[in-house]
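This briefing covers two topics: one residue and its surroundings, and the contact between two chains.

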Number of protein chains: 2
Amino acid sequence: MTGTVEHGGALARAIAEYGGEPGDWIDLSTGINPNPVPLPDLPVQFWSRLPDEDLFEQASRAAAIGYGSAENIRPLPVAGTQSVIQLLPQLFDGDIAIFGPTYEEYRSRFQRAGRAVDLVARVEDINDSHRLVILVNPNNPDGRIVPRDEVLRLADRLAEQGGFLVVDEAFADLCPECSVAGDAGRQSNLIVFRSFGKFFGLAGLRLGFVLAAPSICGAIRDGQGPWAVSGPALGIAGSVLPDRQLRNRIEDRIRRRHAALHGVLEEADLTIAGGTPLFMLVDDDRATALHSHLCRYRILTRKFHYEPHWLRIGLCRDRDEEARLREALAAFNGPGGE
Amino acid sequence: MTGTVEHGGALARAIAEYGGEPGDWIDLSTGINPNPVPLPDLPVQFWSRLPDEDLFEQASRAAAIGYGSAENIRPLPVAGTQSVIQLLPQLFDGDIAIFGPTYEEYRSRFQRAGRAVDLVARVEDINDSHRLVILVNPNNPDGRIVPRDEVLRLADRLAEQGGFLVVDEAFADLCPECSVAGDAGRQSNLIVFRSFGKFFGLAGLRLGFVLAAPSICGAIRDGQGPWAVSGPALGIAGSVLPDRQLRNRIEDRIRRRHAALHGVLEEADLTIAGGTPLFMLVDDDRATALHSHLCRYRILTRKFHYEPHWLRIGLCRDRDEEARLREALAAFNGPGGE
């Protein structure tokens with residue numbers, strides 16, 4: 001598998017196959033909060049001027065508060081975690097291990113660069129030759145969590161062998177107890193990626209942060225070049241990230257929608273194999289048929305070529321969407337459904 | 001010169017040295033239209049959803065109309081031309097020639113990648129070994145224009161020797177007669193970069209376009225990875241780029257401000273060495289002193305370490321700003337000024 005990765009969010013492709021207009025569809029194919037944070041007022045300069053150092057620093061300080069970075073660690077704004085994943089092959093030499101299956105762009109980018117990758121399932125599979133280990137925690141799509149203590153022990157062990165640990169915490173906003181964001185950089189070989197768009201429901205912004213030692217952030221910033229992150233993205237981050245009350249309200253709303261989705265899937269007798277508060281993973285032999293069935297009801301979910309019995313289902317926006325999903329699932333289970 | 005390039009737009013650094021608040025300053029250090037196009041209404045999905053293929057295609061079609069690309073050539077949206085400049089060393093092998101002096105990031109990125117670069121002044125300086133030639137046309141900062149016929153002849157010649165020509169038309173919006181945007185891709189070794197933010201006054205968006213053969217656009221898109229351009233940027237491009245009347249109004253306004261700036265500089269007896277409708281280049285032995293003098297008047301211009309007698313001055317937003325510039329220049333020329 002060295003070609004292009006098939007990503008979620010491809011509503012256009014589903015429409016081409018199953019018909020309808022974008023407004024007819026419920027897109028549950030991503031792990032993005034479907035209720036975006038209200039946009040703050042943005043001064044026109046955020047749009048008109050090149051995003052300068054002040055705006056960049058302001059977003060960095062906001063992220064330090066929001067993600068609880070260690071003292072003296074300045075989170076680096078990036079144009080989405082994806083943009084850093086692409087730089088990894090040129091930033092790190094040596095053998096690579098990726099905890100998998102996981103977000104496929106990691107393996108894909110190293111393989112395109114002609115680099116060998118070991119997919120590992122457990123910490124015990126890491127060996128002395130690994131110079132870079134990648135852990136998505138909580139994992140996408142199965143939600144597997146490696147406890148914080150274990151992550152820190154792995155970072156220590158890798159430090160002894162001159163290796164680095166990247167922890168992608170794209171889905172850790174609602175799992176602070178498993179996050180090592182506050183340890184990044186203090187343990188100098190520990191690098192943490194945070195995603196802004198998933199929790200805040202603003203994936204169109206293209207914004208993420210790297211928490212790491214200054215030398216690593218410097219190399220990534222150099223690789224990204226000047227003005228890599230848009231002014232509106234930096235401005236919005238500066239405004240909403242430090243707002244604890246706002247974050248609490250977003251978290252409450254995500255948890256309500258997650259509980260509701262859980263109820264809908266249980267009602268339909270689906271086996272829930274894992275997930276995070278932003279999505280659930282269904283394990284079912286009929287997953288492929290279920291995906292097609294839901295598409296006929298204009299509901300898009302995410303299937304996985306490497307685990308055809310899996311289906312990832314993101315949060316509904318509200319009760320109306322949950323009712324539509326419930327109805328579609330009932331029709332799948334009912335007589336003549338499948 | 002292999003280190004970091006010093007860029008315009010660094011108002012924060014000037015404030016640190018000369019004081020004042022951002023609102024006190026007039027920033028004439030860039031070549032960006034100081035009167036941004038009014039932002040169109042953006043549906044919340046542009047912010048909330050991952051920018052999908054539909055939105056991407058819509059921006060591409062808008063750019064095809066706006067920039068007049070050849071039939072069957074689909075302009076590639078990128079997160080600012082800068083993001084493509086950084087990919088060039090990995091996309092092109094062989095000897096490099098850059099028409100210079102010009103925007104410094106070109107040379108800098110190749111040099112950081114350990115690649116030799118020939119800076120050339122004339123078409124005759126291109127030799128048979130060059131596999132990639134870079135021409136900023138009109139040039140930044142001196143405004144030098146290579147006529148369209150000559151650009152096309154150069155592309156032909158490079159094609160014969162298996163070479164490619166990149167023409168950076170960041171400042172060509174007001175010079176359609178020199179643009180080869182309509183020839184890009186049709187001549188398969190001809191690659192054109194267009195900047196969205198400079199003409200429309202929205203540099204914070206981070207948006208540009210590559211016009212080239214599908215194989216080249218594909219390689220750049222692959223290098224950029226999925227979702228490289230933000231949803232708001234794609235949405236705004238889709239809305240404003242095809243609007244000929246809007247573009248005409250923007251052009252008229254730029255030409256008025258350019259004429260006014262020209263008048264102010266002539267009144268101050270400054271030698272104008274070149275420029276484009278979006279900036280003027282002053283050639284003066286006192287350029288360094290003039291830069292500092294203007295900073296004391298809270299007016300930021302752009303100096304060049306490689307040509308210390310040059311000063312680039314961008315457009316004022318309105319007559320009030322022009323009056324402040326006129327006054328500051330009069331004080332420089334007046335008794336006890338310098």
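In this predicted model, B:Asn33 sits in the loop that runs between strand S1 (26–27) and helix H2 (44–48) of chain B. B:Asn33 has a relative accessible area of 6%, which is under 20%, so the residue counts as buried.

**Surroundings of B:Asn33**

- A polar atom of the B:Asn33 side chain lies 2.9 Å from the backbone nitrogen of B:Asn35.
- The side chain of B:Asn33 also reaches the backbone oxygen of B:Phe199, at 2.9 Å.
- Leaving out residues up to four places away in sequence, B:Asn33 touches B:Lys198, B:Phe199, B:Phe200, B:Gly201, B:Ile250, B:Ile254 and B:Leu278.

**Extent of the contact between chain A and chain B**

- Chain A contributes 43 residues to the contact, and chain B contributes 43 residues.
- The two chains bury about 3200 Å² between them, with 58% of it on carbon and sulfur atoms.
- Of the area that chain A buries against chain B, 21% comes from A:Trp47, A:Arg206 and A:Trp227, more than from any other three residues.

**Polar and charged pairs across the contact**

- There are four salt bridges between chain A and chain B.
- A:Asp222 forms a salt bridge with B:Arg112, in which the closest N and O atoms are 2.0 Å apart.
- Between chain A and chain B, 22 residue pairs are in polar contact, both residues being at pLDDT 80 or more.

**The side of chain A that touches chain B**

- Helices H1 (11–18), H2 (44–48), H6 (105–112), H9 (214–224) and H10 (231–240) of chain A each supply at least two residues of this side.
- H2(A) gives the largest share, four residues.
- The residues of this side divide into 20 nonpolar, 14 polar and nine charged.

Definitions and conventions: Residues numbered from 1 in each chain as written. Chains lettered and ligands numbered in written order. Predicted model: local features only at pLDDT ≥ 70, side-chain atom pairs only at ≥ 80, totals over all residues. Heavy atoms only, no water. Buried < 20%, exposed > 50% of the residue type's maximum accessible area, 1.4 Å probe, protein only. Polar contact = N/O pair within 3.5 Å; in protein donor to acceptor, adjacent residues only side chain to side chain. Contact = heavy atoms within 4.5 Å. Buried area = accessible area lost by both parts, 1.4 Å probe. Salt bridge = Lys/Arg side-chain N within 4 Å of Asp/Glu carboxyl O. Nonpolar A, V, L, I, M, F, W, Y, C, P; charged D, E, K, R; others polar.
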